[in-house]
Amino acid sequence: MSGPPRPIGSAESAFDRRRRIYGLVFAWLCGFATLVGVAALAVLLVDVLIDGLPRLDVAFLTSFASRLPERAGVKAALAGSIWIMALTALIAFPVSVAAAIYLEEYAPRSWLTKTIQTNIANLAGIPSIVYGILGLALFVRALGLDRSILSGALTLALLIMPVIIMAAQEAVRAVPPTIREAAYGLGATRWQVVRGQVLPMALPGILTGTILALSRAVGETAPLIMVGAVGFIAFTPQGVMDQFTVLPLQIYSWISRPQDEFRELAAAGIIVLLALLLTMNAIAIVLRNRAQRHS
Amino acid sequence: MASHEGAPSVQAVLSGKRGRRIREAAIRGALFACAAASTLVTVGVVLVLLGETVAFFREVSIGEFLTSTRWEPMFQEQHFGVLPLLVGSVLVAGGAGVIALPLGLMTAIFLSEYSGPRLRKVLKPVLEVLAGIPTVVYGYFALTFVTPLLRTVFPQTDVFNAASASIVVGIMIIPTVSSLSEDALRAVPNALREGAYGLGATKLEVATRVVVPGALSGIIASFILAISRAVGETMAVTIAAGNLPNLTLNPLESIQTMTAFIVQASLGDTPQGTLAFRTLFAVAMTLFLITLAMNILSQWILARFREEYQ
């Protein structure tokens with residue numbers, strides 16, 4: 001494959017020259033490909049900011065949706081998103097962490113454990129809209145929870161549980177075995193080891209994974225359309241059985257209208273949604289850094 | 001630890017040796033229940049989809065569902081051919097793949113082989129942000145930026161079109177390809193690279209003939225996973241590609257994907273027990289089976305063809 005041998009210091013052969021140029025071209029192409037993703041993100045953000053910033057003010061945050069675009073706001077949607085986020089976390093977090101602890105600290109190496117593990121990986125790959133259908137059939141219809149915040153939160157909890165479980169497993173796995181052995185050596189039971197040693201050390205990692213999964217839930221639209229969240233709500237929810245809307249759904253309902261004024265509303269809504277997600281991610285990053293400093 | 005009375009108190013029992021064992025077993029049982037509950041979710045999905053899908057196929061033959069070229073479930077004269085929706089999904093996912101697979105792989109090669117650690121530390125989180133942006137935002141971007149751009153280049157483009165959806169879904173799945181592929185590339189040991197350099201290979205030759213082949217199972221798995229995500233993508237596609245079941249391979253036309261149909265059908269009022277309600281489940285079942293098959297394939301490739309490096 002390689003060119004004819006040539007004495008050191010002699011002129012570059014045509015063959016080697018070609019190899020060198022191909023190499024340079026390829027390096028630039030790869031760098032360019034990386035830039036495409038970065039540039040796309042920049043263009044997207046700028047596009048949204050240009051459209052939405054002029055429409056964004058305090059009144060936008062404190063007004064309900066309206067047929068008149070100049071009066072419309074995201075109050076109900078923002079409140080709905082926060083309700084959904086809190087309730088989803090409340091449902092998904094304990095179950096996911098318990099599942100992760102079982103799989104890492106208790107589970108025997110059996111076909112059953114393997115099945116559960118494979119199943120969790122597969123669950124993470126199911127499209128979110130299929131979870132929406134499950135929520136519609138199970139929570140809205142079969143359990144009679146109707147189009148409530150509870151139905152939405154249960155559906156989203158199912159959606160993000162596999163993600164939290166896998167993140168929590170990784171965090172638990174990262175706790176050094178010597179810590180466990182030391183605790184066992186002092187006569188601790190398995191649960192005492194888990195509660196006293198493993199969980200506290202894994203907690204920042206688990207929380208980071210949970211927040212990232214929750215920020216996915218906050219951005220979800222399709223499953224909530226399925227469980228019957230609606231675009232127009234003129235009140236803030238007072239309890240878990242209330243009807244609700246969320247930011248992405250409000251944005252979608254504005255995008256679906258042809259008038260330009262509603263497009264601006266959608267862009268302003270997107271800015272609010274992205275700000276919410278940015279806050280959550282910032283918290284996750286702070287937690288991650290703290291965890292890294294301690295380990 | 002025993003109490004002063006003859007009969008030990010509950011607390012004493014629980015803190016005693018036997019009580020300790022009981023408590024440990026109870027905790028173990030509760031934790032197991034939480035892990036096992038995840039399998040119930042899968043069972044739930046399958047049962048829910050299966051129940052209504054079977055009811056659907058009592059009224060509509062599987063032959064019509066799979067071979068008819070018209071999807072008109074809401075019309076007076078109903079047609080239930082899933083092909084237009086299926087082709088719509090394939091068109092969007094295929095277009096997204098054309099964009100995301102080469103860009104994602106080259107991004108992965110750049111991050112793993114070319115960029116220094118400092119540049120990498122900046123680029124990786126930026127790409128992660130790309131994956132974290134809600135899909136409804138991509139829909140907005142497609143409709144207000146990509147589509148107008150397409151229409152200036154190709155004036156015959158419909159307002160809602162598959163190409164615009166393909167482009168944004170492609171951008172959306174670049175991080176799936178790049179981060180999983182990068183993990184695979186970085187798992188190839190440096191000794192292999194150094195061996196190739198020692199034989200006089202250039203950086204390009206090392207990257208494309210040693211590292212990429214060494215990481216091929218991981219790269220292919222990331223490709224399949226990304227395409228499966230594109231097939232299941234809902235909001236960006238619903239917003240940008242339209243709601244017209246249209247058996248076409250022209251990306252500039254308005255189409256409808258399986259996911260967009262599910263959204264459209266559930267936005268309208270579809271009472272339970274009607275055929276219209278059941279079409280929703282039949283389409284969802286098709287979607288579920290396709291994405292499940294792709295996910296299993298990707299895991300199988302990872303497990304079967306993984307190069308074991310020490």
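Chain A is divided into domain 1 (14-55) and domain 2 (59-294), with bounds that come from an automatic or database domain assignment. This is a predicted model, in which local features need pLDDT of at least 70, side-chain atom pairs count only at pLDDT 80 or more, and totals for chains, interfaces and linings use all residues. Residues are numbered from 1 along each chain as its sequence is written, while chains are lettered from A and ligands numbered from 1 in the order in which they are written.

Taken over C-alpha atoms, the centres of domain 1 and domain 2 of chain A are separated by 33 Å. Six residues of domain 1 of chain A are in contact with eight residues of domain 2 of chain A; two residues are in contact if their C-beta atoms, placed from the backbone, lie within 7 Å. The side of domain 1 of chain A that touches domain 2 of chain A has three nonpolar, one polar and two charged residues. Here Ala, Val, Leu, Ile, Met, Phe, Trp, Tyr, Cys and Pro count as nonpolar, Asp, Glu, Lys and Arg as charged, and the others, Gly among them, as polar.

For chain B, the assignment gives domain 1 (10-59) and domain 2 (71-305). Their C-alpha centres lie 34 Å apart. Seven residues of domain 1 of chain B are in contact with eight residues of domain 2 of chain B, and the domain 1 side of this contact has four nonpolar, one polar and two charged residues.

Between the chains, the contact takes 67 residues from chain A and 67 residues from chain B. On the side of chain A that touches chain B, helix H1 (residues 14-52) of chain A gives the most, with 19 residues. That side divides into 46 nonpolar, 14 polar and seven charged residues.

Chain B has 13 helices and two strands, where helices (H or I, at least four residues) and strands (E, at least two) are DSSP runs, numbered from the N terminus. The C-alpha trace of chain B spans about 90 × 70 × 35 Å along its principal axes. Among contacts in chain B between residues at least 6 apart in sequence, 70% join residues at least 24 apart.

One residue to look at is B:Val212, in helix H9 (residues 203-214) of chain B. B:Val212 counts as buried because it has 20 C-beta neighbours inside 10 Å; the class is buried at 20 or more other C-beta atoms within 10 Å, exposed at 12 or fewer, and partly exposed in between, with C-beta atoms placed from the backbone. Leaving aside neighbours within four places in sequence, B:Val212 is in contact with B:Ala207 and B:Ile219.
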